[in-house]
Amino acid sequence: MLLSFPHMGKIHLALAEALQVLEIPYLLPAAPGPRSLLLGQELAPEGSCLPFCLVLGNMREALDLGADTILMLGGSGPCRFGYFVYLAEQLLRQAGYQTEFLVIDNGRHLRNLITLKKKQQVPWTYLLKAVQCGWHKVLTEELLSALEREYLAQAVNPRPFREKLVQWRSRLVSAHEIPEMIQIRQEAEDTVKRMPRYPASEVLRVGLVGDIYTMLEPFANNRIEEFLIGKGISIVKTMAVSTWLPNILLPWKRGSYRQNLLQQAYPYLRYSVGGFGLESVAHTRNLALRKVDCMIQLFPMGCMPEIVACSALNKLGQDENIPILSITLDQHDSRTGFETRVEAFLEMVEGIKVNKKALCH
Amino acid sequence: MEMTIGFPRTLFYFLYYPFWYAFFTELGFKVVSSDPTNRSSLDLGMREAVNDACLPIKLYHGHVTELKDKVDILFMPRMVSIRKLDRETFCPKFLGLPDMVRNSISGLPRVIDQKVDLGRGVFPLWRLCQQVAGDLNCRGWPVWRAFQKARRMQKTFTDYLAAGIPAHQAIEAAITGRACQTPEYPPSDVRLAILGYPYLIYDSFVNVCLFEKLARMGIQTFTVEMVPSERLNGQGKNLPKNLFWNFSNRTVQAAYYYLEEEKTDGIIHMTAFGCGPDAMVDKLMELEAKKHGGVPFITLSLDEHTGEAGVMTRIEAFVDMLRLRRERHEDIISRQG
């Protein structure tokens with residue numbers, strides 16, 4: 001058995017770490033790129049969303065390299081994401097691929113873990129350690145990314161901070177013990193706390209919301225984070241594997257998490273519409289009132305939950321006076337058009353900010 | 001004065017209007033629905049709705065805009081689920097429909113947006129009716145009476161639909177109580193299943209009067225609603241997992257039914273451009289049609305610009321191919337036999 005899994009942001013770090021502990025051979029496909037998109041488009045139905053094309057293409061890349069089992073998350077909708085793996089299975093069979101699927105779906109994640117455990121004949125303690133190690137790895141990496149995108153632009157001396165980030169990351173790659181990962185996290189947090197920074201109000205701050213795949217996968221969002229960081233802009237993004245996974249996999253967290261979001265999104269959205277529609281609305285309101293100067297919503301064309309959220313964001317933006325830019329990403333690979341729109345928007349927001357400051361003085 | 005309740009003439013109108021019409025009328029309200037979809041509903045909808053929304057959602061915005069100044073109360077239920085099947089629900093845009101409309105259209109009258117969640121609890125439909133009636137300050141025995149009448153009317157209506165009567169006629173017949181005559185079909189040589197969501201299939205503005213035209217071409221048509229409901233629910237066992245959306249499941253199941261029964265010569269799938277679930281539905285239907293010996297299958301994608309000529313050309317070509325194929329087939333049989 002050679003296990004593989006499609007990419008989504010940093011989730012591969014967790015999976016790879018866990019599989020290493022369990023001593024299961026796995027294959028890591030290349031990060032999604034133009035080739036995955038092409039391979040995916042060949043098989044995907046017309047009108048399917050960008051994430052599906054990329055996930056399908058990524059699976060094909062892995063299978064072409066010799067993987068024979070695919071590990072993937074299922075779901076129960078109403079977002080299409082939950083059906084990705086089932087449709088992909090049919091499409092791949094149709095195209096002549098012979099592959100097994102290990103689906104982690106409602107009520108099935110425990111069963112699948114047990115199957116894996118039996119296959120590998122590892123004791124329970126190992127399994128627990130695998131899950132924990134994977135979890136801490138992705139948590140640490142995502143913390144580093146979050147600190148980088150939020151504070152790099154605010155640092156008075158960005159250079160040493162950037163060097164530190166490289167050091168932590170390389171240490172994290174070789175770290176396989178939990179205490180070490182925790183230590184990296186602490187160091188990073190301490191450094192940021194002590195680092196001389198410009199006051200937050202002097203830097204342009206942008207909030208990012210949207211569906212999970214577009215938020216987490218750089219190729220799907222035209223590498224917007226790199227682009228913004230390069231312009232000296234501080235980014236706040238709440239979407240991360242480590243904030244999302246526990247809330248969907250642990251049943252006791254689900255209820256209160258949703259209640260909380262519903263409260264924040266009220267009255268613009270009064271019901272969960274699947275995917276991350278509710279999150280987008282709740283976080284926009286939350287961030288825009290406290291932390292950021294403007295919001296950018298990104299979603300693939302045809303993403304149903306985000307379309308509902310978009311209508312709520314339009315109204316919310318008007319009522320609370322928040323500049324919001326919603327961009328629909330399709331399967332054409334054109335960064336220039338995208339960047340022009342973002343740039344124009346940011347210049348406008350900058351103008352507003354300068355005007356406000358002038359009024360204050 | 002009698003209070004009026006507005007019911008936009010699109011989306012779930014085509015399946016559930018008679019029920020709510022009977023219910024509200026019996027409670028002493030006047031039910032008003034918007035005009036049948038026309039150019040102005042489309043224009044209004046395109047102006048008000050989010051630009052990424054699909055055609056049906058835009059039309060719904062258009063119908064609401066048309067109705068909002070004419071009625072005291074707007075009935076826009078939040079459709080969550082209507083049967084107990086896994087965790088079946090509706091498309092996210094249906095789940096957020098009342099919110100979308102509120103966010104996009106200003107100057108709305110009072111809105112009743114009770115959650116229609118019939119997949120859970122005991123006697124969910126009766127409880128829903130109680131809640132809706134409660135919003136209108138109606139309680140007790142009259143509500144029960146209205147509920148019973150509504151159920152009877154809905155039953156009559158679904159029977160008409162199952163008999164193949166076009167939805168607008170069936171609705172008319174059910175609410176007026178007049179007998180409904182099965183329309184005379186000219187002799188037909190081709191049978192086609194026209195599958196898709198009720199708001200596309202039964203809205204003759206959206207589908208450019210497809211059914212009338214097909215009947216004139218000598219084609220007998222079958223719809224999702226014409227599948228006996230007990231047979232419909234039994235279909236799709238070989239799906240890896242049920243889809244999450246009610247209308248989508250019904251469409252896929254109907255396709256499976258017609259393929260299994262070999263009742264039709266071909267399948268036309270009507271879909272709205274940008275419909276999320278349909279990207280998957282369409283592929284599943286296509287795969288299944290292939291499995292049944294390559295039953296001819298065509299997808300018609302409808303959007304704001306749907307021109308009659310374009311749709312008809314594609315349909316005519318499809319039907320011509322079916323006839324050609326049959327002639328050749330008969331040729332082979334007669335030569336060999």
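Predicted model: local features only at pLDDT ≥ 70, side-chain atom pairs only at ≥ 80, totals over all residues.
Taken by itself, chain B is built from ten strands and 14 helices. Its radius of gyration comes out at 21 Å, close to the 20 Å that the globule rule gives for 337 residues, so chain B is as compact as a globular protein of that length. The C-alpha trace of chain B runs to about 75 × 40 × 40 Å along its principal axes.

Turning to the interface, 41 residues of chain A and 35 residues of chain B take part in the contact. Together the two chains bury about 3,200 Å², with 67% of that area on carbon and sulfur atoms. Polar contacts between chain B and chain A come to six residue pairs, both partners being at pLDDT 80 or more. One salt bridge turns up across this interface, and it pairs the side chains of B:Asp99 and A:Arg270, at 3.9 Å from N to O.

On the chain B side, the elements that each supply at least two of the residues touching chain A are β4 (78-81), α4 (92-95), α5 (97-104) and α13 (276-291). The largest share belongs to α13(B), with eight residues. By residue type, the side of chain B that touches chain A splits into 19 nonpolar, ten charged and six polar residues.

Key
Residues numbered from 1 in each chain as written. Chains lettered and ligands numbered in written order. Heavy atoms only, no water. Contact = heavy atoms within 4.5 Å. Buried area = accessible area lost by both parts, 1.4 Å probe. Salt bridge = Lys/Arg side-chain N within 4 Å of Asp/Glu carboxyl O. Polar contact = N/O pair within 3.5 Å; in protein donor to acceptor, adjacent residues only side chain to side chain. Helix = DSSP H or I, 4+ residues; strand = E, 2+ residues; numbered from the N terminus. Nonpolar A, V, L, I, M, F, W, Y, C, P; charged D, E, K, R; others polar. Rg over C-alpha atoms; globule rule 2.2 N^0.38 Å.
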